[in-house]
Amino acid sequence: MDNTTDVWQQYYQKALSRPHSSRTELAVSLNTSGLQVAVDCGCGTGSDIAFLSARGHQVHGFDVNSDSVSLCRDRFAGDAQVSISQAAFEDYAYPRCGVMIAHSSLFFADPARFAATWQAMASSLAVGGVFSGDFMGMDDSWATGYRTVTTPLTRQQVTDLFAGFDIIELHERNEQGITALGRTKHWHILSVVAVKRG
């Protein structure tokens, strides 16, 4: 087993006990699209999927990591409202949706294809639909030299992505902190909740 796989498995074991994000609840409450269809991008262990399904959404979750996909397929095997795919951000066929979640995942999108990826994501959201997700800032420890490619963005670049949206929340975290595996790193994260305008 290579080190990267081992790290992800450790992360998923820690993440299994984590509840869904409060921002997922906010996204659901703000959705006026009329579509109870949600996409969880980089779904991890599926905590947000569980919440969305319980609220009556048809949920499409995907992750590039096979361990995550296997875990979620087992977890939601009896839930007809949930479909799980193994895919990268750049290759996923985004369905029309009213809620799109991308918590702690877009950091690992391919920077060379990020503009086209974001266009596909934003286009799939219906008018009145809600995006909730995180972007990596330029000061993050993982912005350069991380073991996999990352896509760091400036605050202006992040806000520019939402030209066709009303930004409800934009929270910036820029500080030393601890990872899920107990390691110290510098976090620079921009977390956005935004509603797509007509």
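Which residues do ring pairs link into a cluster? In this predicted model, in which residues are numbered from 1 along each chain as its sequence is written, local features need pLDDT of at least 70, side-chain atom pairs count only at pLDDT 80 or more, and totals for chains, interfaces and linings use all residues. Side-chain values use heavy atoms, with hydrogens and water left out.

The cluster consists of Phe107, Phe108, Trp142, Tyr146 and Trp187, which are linked by ring pairs. Rings of Phe, Tyr and Trp (its six-membered ring) pair if their centres lie within 6.5 Å; planes under 30 degrees apart count as stacked, over 60 as edge-to-face and the rest as tilted. By this rule the count comes to 16 aromatic pairs.

One of the aromatic pairs is formed by Phe62 and Tyr92, which are stacked, with 4.0 Å centre to centre and 20° between the planes. This pair links distant parts of the chain, 30 residues apart: Phe62 belongs to strand S2 (residues 58–63), and Tyr92 to the loop between strand S3 (82–86) and strand S4 (97–102). Helices (H or I, at least four residues) and strands (E, at least two) are DSSP runs, numbered from the N terminus. Both Phe62 and Tyr92 are buried, where buried means under 20% relative accessible area, exposed over 50%, and partly exposed in between (1.4 Å probe, protein chains only). The pair of Phe162 and Phe165 is edge-to-face because the ring centres are 5.3 Å apart and the planes stand at 80°. Phe162 counts as buried at 3% relative accessibility, and Phe165 is buried with a relative accessible area of 6%.

A further feature concerns the backbone. Most residues other than glycine have a negative phi. Ser104, however, has a positive phi, near 55°. Ser104 is placed in the loop between S4 and helix H5 (114–124), and counts as partly exposed at 42% relative accessibility.

Between helices H2 and H3, contact (heavy atoms within 4.5 Å) is made by Thr24, Glu25 and Val28 in H2 with Asp48, Phe51 and Leu52 in H3. These residues divide into three nonpolar, one polar and two charged; Ala, Val, Leu, Ile, Met, Phe, Trp, Tyr, Cys and Pro count as nonpolar, Asp, Glu, Lys and Arg as charged, and the others, Gly among them, as polar.
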